[in-house]
Amino acid sequence: MPQYFGQLHTKEPAWSILGAVQSIKQDDRHILFKCGIPCVKISILAPNLIRVRMTPTGEFLPRRSWAVAQADEEWSKVPFEVREKAETIEITTEQMSIVVSRDPFRIQCFDSAGELFAEDADIGMGWRTGTIAGWKRIETDEHFYGFGEPTGLLDQRSKVRTNWTTDAIDFGILTDSMYQAIPFFIALRPGLGYGLFFNTTFWSRFDLGAQQPGVWRMETQGSELDYYIIYGPEPAKIIQTYTQLTGRMPLPPRWALGYHQCRWSYESQDIVQKVAQEFRQRQIPCDVIHLDIDYMNGYRVFTWSPKRFANPQELIQNLKENGFKVATIVEPGVKYDPEADYKVFDEGFKNDYFVRKTNGQLFHGYVWPDKAVFPDYLRKEVRDWWGGLLKSLTDIGIAGIWNDMNEPTLDDRPFGDPGRKIDFPLNTAQGSGDEKTNHAETHNVYGLMMAQASYEAVVKSRPTERTFFLTRSGFAGIQRWSAVWTGDNQSLWEHLEMSIPMLCNLGLSGIAFVGSDIGGFAGNATPELFTRWMQLGMLYPFMRGHSALTTAQHEPWAFGDRVEKICREYIQLRYRLLPYIYTLFWEAATTGAPILRPLLYHFPNDPQTFSLADQVMLGSSLLAAPICRPGVQYRAVYLPEGHWYDWWSGEAFTGPTHILAHAPLEQMPLYVRAGSIIPMIPVMQYVDERPIDQIRLRIWKGVGEFTLYEDDGHTFEYKTAAFCTTTYRVNSQEQRTIVKIEPREGEFSPPKREIIVELVGVGEQSFIDDGTAHQLEFST
Ligand code: GLC
């Protein structure tokens, strides 16, 4: 039933609320407020981070930390003061103060300048059978971002966002629950912003003013209200703290930044090899080929079709010789196969690793292999077992693990019959020991735990090489284990356009390594749509073309010469930008910063950027204004404050301004900020084709700096200091531009290379890079 029919004519029962504060108790981190039986605990974790917990029963339950990477005790203690006043209790840190009113209990948060940034509204916090909720005010000029991968617009104000991982097949702008459930958002108004992480894995929901304008509400079916408030004021700071709390992505192998080619299904090893050859013959760079479900024998996970993929090892080796890596899809649904000699089912069954119903029977549903059972990844021993199974893939050279259908997705009858999607019964037991609970609490983390199982096991069994991980479902913290793609989109212009806000919101949710299926998964792209998608896809942190079984071919050459030529050029541009993009990955790994960013990330004081969802930034230097409509050759582009240059023509602009960009099919409007320094390399057919013997620093007049990050790109040695950084600065004054290259820092030595310093539109100079300082001057 569509969301807008949901609550018609239902009368909601009343909420119970907190009584007045009767006593307070404090230690060096927490302040406990007793309000009759119910209690509230505020914990000060950092000068800009507090945790608020409320329990109606007066008992705080031990909380599990599937999402949180840094538990309360792990934050270094920070000073704060508590002042008790007649009407209020005030808690002050270096960056914020929290004012608690005694009766009724309400929380207000102020920044150090006394500006109110988050304030309880309505009844503040309340509970009724099965639900617990909190309310806060929405300011007139406030906007809401994050929430994982919401569809529709960038700003989620006035929307309802439900956190319940779902196979969102056929999603559209009105879809609510998605594959990812990330109960985190950023509230932003000019100059002021805060983040809110709702720490519950149970079904939960944000109402961002849909029911009551001016008030947002969070509710969960868990038994405690538990949330973190992160003061910014700017999004970058909020995400930095949020990813300190829920973790950051590890650096992926550098080849994973190249182009990935996928299709459901390249159905035999000959076809896969043919696809790979086409890339090389046509000189279209590509690094990874994904194998979808057809590589398996009867869709049995961890098997290979003896007919169509008779010798996977040989296939992987042949592809390797041509510079390709292979990623395989992995499914959680294990074929229920007691009769056959299927090791995965037999072992899982014998050791009781599959989820069982409360009556003790195996729980089953229907997925690709027909009747299937599901491992309980909440249990450590099951994760270890799964890890051992993955070894069968990585041992033969599989370099990427693509976890799919892990919301988990299952039907109540065989696939293909008009079935119904079902969840595990909510009372199904999952986990073991202290962690034992039921599916109501673990549904949202099924994909997260599958991803964690994969990451931990593979990193252990392949300790010297980085592996690429991809998942469709996840929960807060998924960035620690995996890249994410936005599931089954469609070959529609609307989906091309919507990929921008979806990926930007994922980035604002702490998940930086993200992408959407280029060309659209379901349906047939027109040549024009495919071209425009490849142009935008060049900016996706995870750049993969993918299409469904019954669709027309969607490889870059499938649409004729003109499209192929444009695709080649944009994929080449991606490869030339590799040092810049890899540095953005390093930034994401060390600070949590998104790679693909909405303009508001860099211009949070400019309300013009708050709803801007059809332009996007790759890092802080590049701004793209993709074409997302058919037949369009001109479009309006907003350039925020500062000086900008057209990437293609070099034309200069001064923002804030709106311009009309010319965008023939060959061209996606692309701009670069004045003072940008973008390192580029010669085109390669795959990322590690040869050592980088030349870097072209493209520099646009202005004042700016860029720190380039480098390491070997494929081992974990960067973790023990085998990396280096080089800072470049540009300073243009009147008729002179000075470019300074600081000495290289760090223990990694890149191969000897030529550095060409190109001051765009002026000229170029070069030198051989030996890691020492240089200074170059250009007369302009
Ligand atoms: C799911 C995935 C899709 C994949 C298909 C077949 O729909 O989202 O990417 O191709 O299953 O495995």
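Before the first selection, one convention is needed: axes are lines fitted to C-alpha atoms, for helices over the stretch in contact, and angles run from 0 to 180 degrees between N-to-C directions. Helices (H or I, at least four residues) and strands (E, at least two) are DSSP runs, numbered from the N terminus. The model is predicted, so local features need pLDDT of at least 70 and side-chain atom pairs count only at pLDDT 80 or more, while totals for chains, interfaces and linings use all residues. Residues are numbered from 1 along each chain as its sequence is written, and side-chain values use heavy atoms, with hydrogens and water left out.

**Stop 1: the annotated domains**

Select residues 250-584, where UniProt, in an unreviewed entry, places the feature "domain: Glycoside hydrolase family 31 TIM barrel". UniProt positions are given in the numbering used here, feature names are shortened, and annotations may be inferred rather than shown by experiment. This span is 35% helix and 13% strand, with its end C-alpha atoms 13 Å apart.

Next, select residues 592-678, which the unreviewed UniProt entry records as "domain: Glycosyl hydrolase family 31 C-terminal". Here the chain is 5% helix and 44% strand, and 21 Å separate the end C-alpha atoms.

Then move to residues 694-761, given in the unreviewed UniProt entry as "domain: DUF5110". Residues 694-761 are 0% helix and 60% strand, and their end C-alpha atoms lie 20 Å apart.

**Stop 2: the ligand site**

Which residues surround the ligand? They are Trp264, Asp292, Ile293, Ile329, Trp368, Trp402, Asp404, Arg472, Trp485, Asp488, Phe521 and His546.

Now display polar contacts, meaning pairs of N or O atoms within 3.5 Å. A polar side-chain atom of Asp488 is 2.5 Å from an oxygen atom of the ligand. For Arg472, an N or O atom of the side chain lies 2.8 Å from a ligand oxygen atom. Asp404 places a polar side-chain atom 3.1 Å from an oxygen atom of the ligand.

Ser265 belongs to the loop between strand E20 (259-261) and H2.

**Stop 3: two helix pairs**

Two packed helices are described by the angle between their axes and the distance between the axes. Select helix H2 (residues 269-281) and helix H3 (residues 312-321), whose axes come within 11 Å and cross at roughly 5 degrees. H2 is therefore roughly parallel to H3, the term used for angles under 35 degrees. Gln269, Val272, Gln273 and Ala276 of H2 are in contact (heavy atoms within 4.5 Å) with Pro312, Glu314, Leu315, Asn318 and Leu319 of H3.

Continue to helix H8 (residues 493-508) and helix H9 (residues 527-537), which pack at about 10 degrees with axes 10 Å apart. H8 and H9 are therefore also roughly parallel to each other. On H8 the contact involves Trp493, His495, Leu496, Ser499 and Ile500, and on H9 it involves Glu528, Leu529, Arg532, Trp533 and Leu536.

**Stop 4: backbone details**

Select Glu407 and Pro408, which are joined by a cis peptide bond with omega about -10 degrees. Pro408 sits in the loop between strand E26 (400-403) and strand E27 (429-430).

The phi of Asp122 is near 55 degrees, a positive value in a residue other than glycine.

Finish at Lys41 in strand E4 (residues 39-46). Its C-alpha atom is 6.4 Å from that of Met54, 13 residues apart along the chain.

Note on methods. Parallel < 35°, antiparallel > 145°, perpendicular 65-115°, else oblique. Near = heavy atom within 4 Å. Polar contact = N/O pair within 3.5 Å; in protein donor to acceptor, adjacent residues only side chain to side chain.
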